Amino acid sequence: MLPQVVSWEGNRLSLLDQRRLPSCVEFLKCEAAEEVAVAIETLAVRGAPAIGIAAAFGVALETRGGRAEALRAVQRLAVTRPTAVNLFWALRRVEERMKTVPEDAPGDALFSVVLEEAKTIQREDLEGNRALGRAGAALLPDDCTVLTHCNAGALATGGHGTALGVIRSAREAGKTVRVYACETRPLLQGARLTVWELMQDGFDVTLLCDNMAASLMKSRRIDAVIVGADRIAANGDTANKIGTYSHALLAKHFGIPFYVAAPLSTFDASLSSGEDIPIEERAADEVRKLPGGGMLPEEYSIWNPAFDVTDASLISAIITEKSAIVPPFAEGIASFLSK
Ligand code: MRU
């Protein structure tokens, strides 16, 4: 059984501390939005939908201090991570709900409304993932091997997962799915989180280093690559964890379907293409740190983008809770977002 990633306990927010996995299952207990903001920045909670969910609860923590305090929390949480659009989407939802509470309403009214909205966002994400999982499962052969990158699982969402949700739903539908998980340098979300998450659920999962994917695709049968997303532009260009783009190029080369699984909250129709997606650059020390301790010299110049953008032309389908969208994506995306 996987632990609950984000949960409201009494008057506190409990977050599974994903920095400590897989060695320790520990929880952070947050009593202020600032603690939630730091948890997001340091990747204690991560994955686009989970970031949005945690941020919504983070605002709830400040509502008892009044509307101004809650709005300050929205502003603080909005500058934690720039790429995952689910963060801004969830904060907007909470802000809109706050507007429905009259200025002279008792303090608890704001709290109840924001807390309820955060719980709704979390519940809807879980339900959406189950729906997108079913839609994606239909695309997989009855007996298959897939490659995934980073962690787009229950740990990154309200539950079930997006890319891993497709894999879970395929198994629920009676299919046999073997998984290869790329380790996902530099912070090893694939090695630390995806392998652990899938093993908890008894999946056949094998870890490989990111630079082994080409050899894997050449030497073994891979039926599909399935990844999550942090932001999808109106034309289908998709930002996801750094390294995703190379898997997409490889999949094209080897004729392997490349699927992106994401809820509609991950789409950003205001951006016409992936060129406009802001890409987070993280601290050089994340790359400088050597496995087993020790650091590379300070004077090494290091580039550490957290995400890359995969061109829509490399994507076989974008799997959403409404159904899978196939190329050309622009029309399908526009019609799904307008309803
Ligand atoms: O830096 P992270 O761990 O937050 O990056 C996460 C990813 O890139 C996931 O693939 C993405 O957010 C989708 S999670 C359903």
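Which residues of H4 are buried? In this predicted model, local features need pLDDT of at least 70 and side-chain atom pairs count only at pLDDT 80 or more, while totals for chains, interfaces and linings use all residues. Residues are numbered from 1 along each chain as its sequence is written, and side-chain values use heavy atoms, with hydrogens and water left out.

The buried residues of H4 are Val85, Asn86, Leu87, Ala90, Leu91, Arg93, Val94 and Met98. Buried means under 20% relative accessible area, exposed over 50%, and partly exposed in between, with a 1.4 Å probe and protein chains only. Helices are DSSP runs of H or I with at least four residues, strands are runs of E with at least two, and both are numbered from the N terminus. The partners of the buried H4 residues are H2, helix H3 (67–77), helix H5 (107–137), strand E8 (231–233) and strand E11 (267–268). H4 has 15 residues and should span 21 Å at 1.5 Å a residue, which agrees with the 21 Å between its end C-alpha atoms; the expected span is 1.5 Å times one less than the number of residues.

Two packed helices are described by the angle between their axes and the distance between the axes. Axes are lines fitted to C-alpha atoms, for helices over the stretch in contact, and angles run from 0 to 180 degrees between N-to-C directions. For helix H2 (residues 48–62) and helix H4 (residues 85–99), the axes come within 7 Å and cross at roughly 30°. H2 and H4 are therefore roughly parallel to each other, since angles under 35 degrees count as roughly parallel, over 145 as roughly antiparallel, 65 to 115 as roughly perpendicular and the rest as oblique. Contact here means heavy atoms within 4.5 Å. On the H2 side, Ala48, Pro49, Ile51, Gly52, Ala55, Ala56 and Val59 meet Asn86, Leu87, Ala90, Leu91, Val94 and Met98 of H4. This contact of H2 with H4 comprises 11 nonpolar, 2 polar and no charged residues. Ala, Val, Leu, Ile, Met, Phe, Trp, Tyr, Cys and Pro count as nonpolar, Asp, Glu, Lys and Arg as charged, and the others, Gly among them, as polar.

A second pair is helix H1 (residues 33–41) and H3, whose axes come within 10 Å and cross at roughly 10°. H1 and H3 are therefore roughly parallel to each other. Ala33, Glu34, Val36, Ala37, Val38, Ile40 and Glu41 in H1 touch Ala73, Arg76 and Leu77 in H3. The classes in the contact of H1 with H3 are 7 nonpolar, no polar and 3 charged.

Elsewhere, leucine 164 lies in helix H6 (residues 163–172) and counts as buried, at 0% relative accessibility.
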